[in-house]
Amino acid sequence: MTENDQAKKNPYSVIAGSEFRERPETRQDLVDRILADPRMHDHREGFLSCLQCGVCTSGCPAARFTEYSPREVARRAYEGDPTLLEDDTIWYCFYCYTCQSRCPRKNSVAVINQVVRSMQVESGYGIKHVAMFAAWGEQFYDKGMGGTPHVFFSDIAEAWGPKWKEFIASRDELRERIGVGSMYPSPEAVKEVRAIMDQTGFRARLESLGSWGGHRPDDAE
């Protein structure tokens, strides 16, 4: 299968393997990489015709409580500003897509953030922002569904109080009592999930973070 055929079948297989690892040499190179990403397919014209009206920022929940500014991200991305590749504020975006839904030009700063975050992770800079979720990904691979990252446990326990720990401790027993069965997918479904994660490179990405400490099932399982 040629690279073109592979790209038609799964465009991310080519983009993820070649576009993000090397730091852009010029500002236009960064702009071109953003435009070339498949996720920008419906937003390229909007990206290039941004009015800097600020509607995205005015409705952004993250902008309300942090120094993150969607309007500034859109401007800097359009200008090919390389400092975006080491900007921690873009990680405050949680993809509610309010910016996209309100933009008069159909631009999407949420999607721009996805592309730039990918570049940050591939360069190594952004790994610190995703490493804490590696345990969630590992559990998804092993059991077919994710779990709450341990880094959040203390915060959840504090917010919910003692009843949180009591619930977690007796969750399986409660589910059996009310007859809803196991919370985990069937073995057949787990195999399908693993196949998808293998083919898309998700398992390899987890291993590259250097934090996979649990059981790694063989492909034959």
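Trainee: How many disulfides does the structure hold?

Mentor: A disulfide is a pair of cysteine sulfur atoms within 2.5 Å. The structure holds zero. This is a predicted model, where local features need pLDDT of at least 70 and side-chain atom pairs count only at pLDDT 80 or more, while totals for chains, interfaces and linings use all residues. Residues are numbered from 1 along each chain as its sequence is written, and side-chain values use heavy atoms, leaving out hydrogens and water.

Trainee: Is cysteine 99 buried or exposed?

Mentor: Buried means under 20% relative accessible area, exposed over 50%, and partly exposed in between (1.4 Å probe, protein chains only). Cysteine 99 is buried at 10%, whereas cysteine 50 is partly exposed at 31%, as is cysteine 53 at 46%.

Trainee: Which residues is cysteine 99 in contact with, leaving aside neighbours within four places in sequence?

Mentor: Contact means heavy atoms within 4.5 Å. The partners of cysteine 99 are Cys56, Asn107, Val109 and Ala110. Its C-alpha atom is 7.1 Å from that of threonine 57, 42 residues apart along the chain.

Trainee: Where is cysteine 99 placed?

Mentor: Helices are DSSP runs (H or I, at least four residues), numbered from the N terminus. Cysteine 99 lies in helix α8, residues 98-102.

Note on methods
Helix = DSSP H or I, 4+ residues; strand = E, 2+ residues; numbered from the N terminus.
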